[in-house]
Amino acid sequence: MKPLEIERRSFEIISEELGARKIDPEFEPVVKRVIHTTADFDYLDNLAFSEHAVLRLMRALQAGCDVVTDTAMAQAGINKKLLSGFGGRALCFIADEDVAREAKQRGVTRSLISMEKAARLEKPLIFAIGNAPTALFSLCDLMRAGALAPEMVIGVPVGFVNVVEAKEALMRTVPHYIVARGRKGGSNVAAAIVNAALYQLIHREE
């Protein structure tokens, strides 16, 4: 089978296994794309959306917002050809020398510093966080200080330490979010959510 045929059949299987389970039509493409990426139906219940989160994400991407990730893996997973078609870029500062240097000086994580660096960008931003809960805490601090107003935060870090707490804090602080509640998530999930919105934009234009 060709790649597109495999993907189409995969989504057919997902729909078949969902059975009578209903998903909000706005959120359905994101939920199904995440299930397709992970083969994990728990995301039916784990994914939490602020009001009209997917529509807002699509509008932000269409307007040319840049997407800031916390890992090179998430950055690599985003469809940059589609993103650039709308004028956006996928950015990740985690490996930058100035980020590593400041993190060492301050005794904090590079993820935290990379979010502070991103906040200094003048362009409207979408954040796609799939690994580091400290990145989410940093975003919350920046927003409370009035130093950042992101168009959307995708908060789906995976793990055991401070992951659940960071996601819950994000939902209390950020008005526009897509969050995978609980321990599950990952860089692949963060990229899948961005890609789901990009694919919806492309299909809308066809």
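Predicted model: local features only at pLDDT ≥ 70, side-chain atom pairs only at ≥ 80, totals over all residues.
**Close-up 1**
What does the side chain of Arg 106 meet in a salt bridge? The partner is Glu 102, with 2.8 Å from N to O. Glu 102 has a relative accessibility of 26%, so Glu 102 counts as partly exposed too. Both residues sit in helix H7, and because they are four residues apart there, about one helical turn separates them. As a general point, side chains of opposite charge can pair when their charged atoms come close.

**Close-up 1. Salt bridges elsewhere in the chain.**
How many salt bridges does a search of the whole structure find? The count comes to 17. One of them brings together the side chains of Glu 7 and Arg 33, at 3.4 Å from N to O. This pair ties together distant parts of the chain: Glu 7 belongs to helix H1 (residues 3-18) and Arg 33 to helix H2 (residues 28-38), with the two lying 26 residues apart. Is Arg 33 buried or exposed? With 12% relative accessibility, Arg 33 counts as buried, because the cut-off for buried is under 20%. Glu 7, on the other hand, is partly exposed, with a relative accessible area of 29%.

**Close-up 2. Glu 151 meets Arg 56.**
Here the side chains of Glu 151 and Arg 56 form a salt bridge of 3.3 Å, N to O.

**Close-up 3. Strand E5 between two neighbours.**
Take a look at strand E5, residues 152-155, which is covered on both faces. Met 152 and Ile 154 are buried on one side, and Val 153 and Gly 155 are buried on the other. Strand E4 (residues 125-129) pairs with E5 in the parallel sense, over four bridges. Which residue of E5 is the bridge partner of Ala 128? That would be Ile 154. E5 also runs parallel to strand E6 (residues 177-180), and three bridges join these two strands. In that pairing, Gly 155 stands opposite Val 179 of E6.

Going from E4 through helix H9 (residues 133-144) to E5 gives a right-handed β-α-β unit. Another right-handed β-α-β unit is made by E5, helix H10 (residues 163-173) and E6.

**Close-up 4. Lys 184 in a loop.**
Where is Lys 184 found? Lys 184 lies in the loop between E6 and helix H11 (187-205). Its relative accessible area is 31%, so Lys 184 is partly exposed. Setting aside neighbours within four places in sequence, the residues in contact with Lys 184 include Asp 40, Tyr 43, Asn 46, Val 156, Pro 157 and Lys 167. Asp 42 is another contact, and the side chains of Lys 184 and Asp 42 are joined by a polar contact of 2.5 Å. Asp 45 is 139 residues away from Lys 184 along the chain, yet the C-alpha atoms of the two are separated by 11 Å.

**Close-up 5. Two nonpolar cores.**
Which residues touch the most other members of the largest nonpolar core? They are Phe 49, Leu 57, Leu 61 and Ile 193, out of 43 residues. H11 provides the largest share of this core, namely 10 residues. Apart from it lies another core, of 30 residues, including Leu 91, Ala 118, Ala 119 and Cys 140.

**Close-up 6. Helix H8, mostly covered.**
How many of the 10 residues of helix H8 (residues 110-119) are buried? Nine are, among them Ser 111, Glu 116, Lys 117 and Ala 119. The buried residues of H8 pack against strand E2 (66-69), helix H7 (97-106), E4 and H9.

How values were computed:
Residues numbered from 1 in each chain as written. Heavy atoms only, no water. Buried < 20%, exposed > 50% of the residue type's maximum accessible area, 1.4 Å probe, protein only. Pairing = 2+ DSSP bridges. Right-handed = clockwise from strand over helix to strand, strands pointing away. Contact = heavy atoms within 4.5 Å. Polar contact = N/O pair within 3.5 Å; in protein donor to acceptor, adjacent residues only side chain to side chain. Core = buried A, V, L, I, M, F, W, Y, C linked by side-chain atoms within 4.5 Å. Salt bridge = Lys/Arg side-chain N within 4 Å of Asp/Glu carboxyl O.
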